Structure formats: structure tokens, C-alpha cells
Amino acid sequence: MSITPTGKKVAVAGLTFETNSFSPDLTHLDTFQRFAMVEGVDLFTAGLGKDEIAGAMEVAAQMGIELIPTTTADGGCGPTVSDVAYAFLKERFVTGLAKVISQVDGVYLRLHGAMTTESCEDVEGDLIAAVREMTTPDFPIAVSCDLHAHFTAKMAQGTNLIAGYQTCPHIDFFNTGKRAMRLLGLAVTSQAKPKLSFRKLKMISPAEGIDTTIWPLKEVKARIHEIEKLPGVLDATIFCTQPWLDVSELGWSALVVTDENSESSPDLGQQYADEIANSLWNYRDKFLFTKVDIADAVKTINASTPDQRPFIFADGSDSTSGGSTGDSSFILAALISNPIHGQVLMSITDEPAAIACAEAGVGATVTLNLGGTRATKFFKPLQVTGKVIKITNGSYQSKYPSKIFNVGTTALLNIGEIEIVITSNPAFMLDYQLYDHMGLDVTKAKAVQAKSAGGYRAYYEPIAFACIDVNAPGPSDNRLSELPFTRPKRPLWPLDLNIPDRNYQY
Ligand SMILES: [Zn+2]
């Protein structure tokens with residue numbers, strides 16, 4: 001089937017980062033430079049055909065819309081971004097768009113939704129406003145965000161065209177780009193007049209409690225898909241903000257985009273947004289999450305038969321994809337004094353230790369301190385002795401997310417039955433490509449550590465005998481009341497448990 005070009009053009013830009021306010025220090029520009037800063041046509045291929053931009057490309061091609069690339073930057077996740085770094089990134093973002101804005105009919109922005117800086121709690125609202133300043137009030141701007149976005153009223157003031165991931169663990173990057181571009185395509189070709197309705201709730205939950213593959217979020221997701229198919233509705237999203245953000249208006253949201261031209265009632269979108277938000281609120285205590293102490297996890301694993309493997313034990317409190325630093329040695333210390341019987345695979349961030357192993361060389365026996373180099377309020381160094389098995393430059397292809405990672409000099413150290421991968425920079429452990437890169441077979445190990453707060457399940461569950469989420473301290477702790485929140489407006493559930501029903505919405 002040949003597509004008739006509409007003659008419409010859309011500029012593409014992006015800036016993605018997920019802040020963890022409790023992770024120490026600041027994120028500087030070098031993190032973005034190491035992670036991904038892309039310009040021009042390269043941004044169409046940076047996600048290896050699987051990210052939101054690839055999805056947007058597919059729909060733009062189907063709708064006969066030409067995409068004009070500008071700039072994207074991705075810093076992954078980590079501590080609050082410095083104002084200096086954000087000033088540079090925003091200038092680059094605005095300059096890239098300003099060069100083409102007079103030639104295009106719309107803009108598509110790939111954002112995360114939970115980026116904060118030293119002085120800005122709402123980077124995404126700020127970026128959308130910056131684009132709006134260059135354009136007219138009705139110029140179409142479409143945005144795609146992560147399900148863990150901290151959605152704000154300022155974002156909604158800037159645009160009606162917002163689509164977020166509908167899955168957690170996230171497996172719909174591509175489809176979310178498709179949905180955002182469809183909204184934008186309908187707007188730029190005047191086939192629809194999108195209107196955004198939303199309801200924001202005074203609630204958060206531990207990341208591990210946010211899982212759309214199990215009840216009750218699975219049920220909510222199914223209802224969202226039903227609503228999307230109803231006459232007059234164009235799209236629906238829930239934003240279950242990641243909980244480690246110390247910002248004033250923290251909370252979950254439900255969004256519905258309707259077509260003003262075909263709405264049966266002007267309140268249709270608000271009715272559905274309220275319905276979804278109310279079901280989230282009513283299920284709130286189901287999103288709490290209890291973990292297992294490491295001693296109990298070891299007992300369970302050691303009571304299993306040899307063919308019952310691998311057990312995945314997750315350290316969500318040091319989730320490198322939740323903005324934590326990856327330098328916790330808490331569980332390693334516990335496993336050295338109370339070992340699991342069989343091969344155990346672990347990872348840790350520690351640049352000095354990785355370099356010390358590289359300098360000692362493969363085959364050397366080294367004694368060094370491991371961990372506690374970054375989040376020193378949470379983690380302590382642990383002295384270990386082990387044998388250096390392998391050294392790499394830390395460059396490998398991740399599958400989740402689909403991109404090339406470079407975590408710097410990386411060492412594999414053998415400590416008894418524990419094989420620990422020591423990276424210089426935090427490595428995402430949502431998949432097991434780092435272990436694979438170091439020549440370790442996760443399916444043959446007795447137990448494998450994933451420093452992830454729930455997100456690991458998409459890749460690990462299919463190969464796991466069982467998954468166990470383990471209690472530990474850290475900046476991405478599920479015990480939210482233990483974290484030093486100072487800014488959220490109160491009440492906020494579950495920091496406050498007795499909230500009158502009339503007071504649960506912003
Ligand atoms: Zn997310």
C-alpha cells in the first residue's frame with residue numbers, strides 16, 4: 001500500500017532522565033555525555049529500532065508525515081541534575097528546535113517525566129513551556145513519558161497530547177511512541193481536536209508494588225484499554241510516579257485524551273479520568289510491598305534441590321535503574337558470612353576496585369574494599385579477597401532498554417562461590433546482558449542478584465526458578481517512610497495513612 005504524503009512535517013527532540021532525590025551528590029553533564037547525546041538523523045537509530053522514536057517513525061510513515069530530527073539526550077537515572085548541566089541541555093534542546101520550528105507543523109518530544117534539577121522540580125513542564133514559547137497556543141506538541149513520570153498540571157497547561165507507557169515492567173516503549181505520534185498526526189492533519197483531562201491523586205507506592213502484569217494494576221490496565229476503544233476517546237494513560245522524588249506535588253495521575261470534535265459529552269474525558277483515578281485510590285493498599293530478609297532468602301534457596309535454579313534475588317533499594325548508585329555491599333556481606341550453596345552472580349559499582357583489579361591483572365589474587373564509594377550515607381565498604389577472572393572496557397549491548405551501555409572498566413572477581421561483576425559506573429540490571437558480557441551464564445547459576453526494584457521481572461522471570469525481593473537499605477528503599485522526604489504536600493499516602501476520602505485528590 002502506498003502512502004500519500006500529507007506535506008506535514010514534525011520535529012523530533014528528546015531529553016530523558018529519572019531523578020532519585022535521595023541518591024547523593026548531583027548528576028553532571030558527563031553522565032549524559034557517557035549515556036547518550038544524539039543529533040540529527042542518528043536519533044532515529046539510537047534506540048536500535050525499539051524505542052519510542054522508532055514507534056513514532058512507524059506511525060509518521062503510515063500517516064504520510066515527514067519527521068525532522070533535532071537533538072536528544074538521555075542520562076539514564078541518578079541523583080538530582082545540576083542546574084549548570086540542565087542549562088546546557090535545555091539550551092541545546094531549544095536551539096535544535098528553534099532552527100526548524102518555522103518549517104514544521106508539530107513537535108514530538110520524547111521525555112521521561114521525572115527529571116528534576118537543583119532549582120526545578122518539573123523539567124518536563126519547563127521544556128514543554130519552552131517549546132510553547134516558540135509557537136502559537138494551538139500548535140501541536142506531543143509528548144511521550146515513562147509510566148513512572150511525575151505528571152504535573154504545568155505539563156497539561158503546555159499540551160493536550162501526552163501518552164505514557166501502559167506497562168510495568170516497561171515493554172511498550174515502541175507502542176508509546178506510536179500512540180504519541182498518532183495523537184500528533186491526528187492534530188496536525190486536523191482529523192481530531194485532542195483534549196486532555198486528568199485527575200491527580202495524593203498517593204505514591206513502592207516501585208515493586210507497581211506491576212501491570214498482576215492484579216489490581218492488570219485490571220486497571222484492561223479498563224484503560226476498554227476506555228481507549230470508546231467513541232470520542234483517543235488515548236488513556238496512568239502515571240504511577242516513581243516514589244523517590246522529593247517534590248511538592250508528588251502523586252499518581254490518570255489521563256484521558258478525547259476528541260472534542262466527536263465527544264458525546266464535554267465531560268467525557270474527565271469522567272473516565274476520574275473513574276480510573278478512583279479505582280487506583282481504592283486499590284491503594286494493594287500497591288504496598290513487603291520484602292524478605294536476606295537470611296530467610298538464603299534459607300529458602302539452600303533448601304531447594306540442585307535443579308531448582310536460578311533464584312533471582314533483587315536488591316531494589318540499590319536499583320541502578322531507579323537512580324541508586326549500585327555500590328551497596330549489604331547483601332554481599334550477608335552472603336559471605338551466610339553463604340548460598342552453589343554459584344552466585346552479583347554486581348556492584350566501584351570504580352577504584354575495578355581499576356585495582358585491572359591493574360593487578362587476570363589471575364591475580366587481590367584484597368580490596370568493595371562498595372560504599374558513592375552513597376556513603378547508606379552503604380559501607382566491605383573488605384574482600386578474591387581472584388581476578390576477567391577485565392573488559394564495560395561496553396555492551398543492553399536489551400532492556402535497547403541501547404549500547406558503557407559502564408567503564410569492568411572486572412569479574414571470584415570470591416568463593418560468588419562471582420561479582422565490578423563496574424566503574426552504575427550498570428542497569430533490568431536484564432542480564434552485563435553478566436552475559438562477562439561470560440557468566442545466568443541460567444546455570446544457583447542464584448543471581450538483580451539491583452532492580454521490580455523492573456527486572458520482565459527479563460528475569462522467564463528464566464527464573466523463583467524471584468525474591470530482599471530487604472536492604474538504600475536510596476530506592478521500598479520502605480518509603482524511612483526516606484527523608486521534605487517537600488511533598490501532606491497528606492500523601494502511604495506517608496499518611498488516614499486521609500479522608502474528600503481530600504485524596506490534588
Ligand atoms: Zn519507569
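1. Strand S3 covers residues 66–78 and runs antiparallel to S2, with 4 bridges joining the two. Strands here are DSSP runs of type E with at least two residues, helices are H or I runs of at least four, and both are numbered from the N terminus. Two strands pair if DSSP finds at least two bridges between them.

2. A quick word on what you're looking at. This is a predicted model, where local features need pLDDT of at least 70 and side-chain atom pairs count only at pLDDT 80 or more, while totals for chains, interfaces and linings use all residues. Residues are numbered from 1 along each chain as its sequence is written.

3. Back to the sheet. S2 and S3 belong to an open sheet of 6 strands, ordered S2-S3-S1-S4-S5-S6, and the pairing is mixed. Its edges are strand S2 (36–39) and strand S6 (161–164), each pairing on one side only.

4. Now look at the loop between strand S4 (106–111) and helix H4 (123–134), which is where you'll find Met115. Is Met115 buried or exposed? Met115 counts as buried because it has 28 C-beta neighbours inside 10 Å. (Buried takes 20 or more other C-beta atoms within 10 Å, exposed 12 or fewer, and partly exposed is in between; C-beta atoms are placed from the backbone.) Leaving aside residues up to four places away in sequence, Met115 touches Phe17, Glu18, Thr19, Val81, Val123 and Glu124. Contact means C-beta atoms, placed from the backbone, within 7 Å. Gly78 is 37 residues from Met115 along the chain, and their C-alpha atoms are 9.5 Å apart.

5. On to the domains: the protein splits into domain 1 (9–287) and domain 2 (294–478), with bounds from an automatic or database domain assignment. Their C-alpha centres lie 32 Å apart. Across the interface, 25 residues of domain 1 are in contact with 24 residues of domain 2. Strand S1 (9–19) and S3 each supply at least two residues of the domain 1 side.

6. Further along, strand S14 (residues 395–398) and strand S15 (residues 403–406) pair antiparallel over 4 bridges. The two form a hairpin with 4 residues between them. Ser398 has Lys403, in S15, as its bridge partner.

7. Last, the annotation. An unreviewed UniProt entry puts the feature "domain: Microcystin LR degradation protein MlrC C-terminal" at residues 314–487. UniProt positions use the numbering here, feature names are shortened, and annotations may be inferred rather than shown by experiment. Over residues 314–487 the chain is 16% helix and 30% strand.

Methods:
Two residues are in contact if their C-beta atoms, placed from the backbone, lie within 7 Å.
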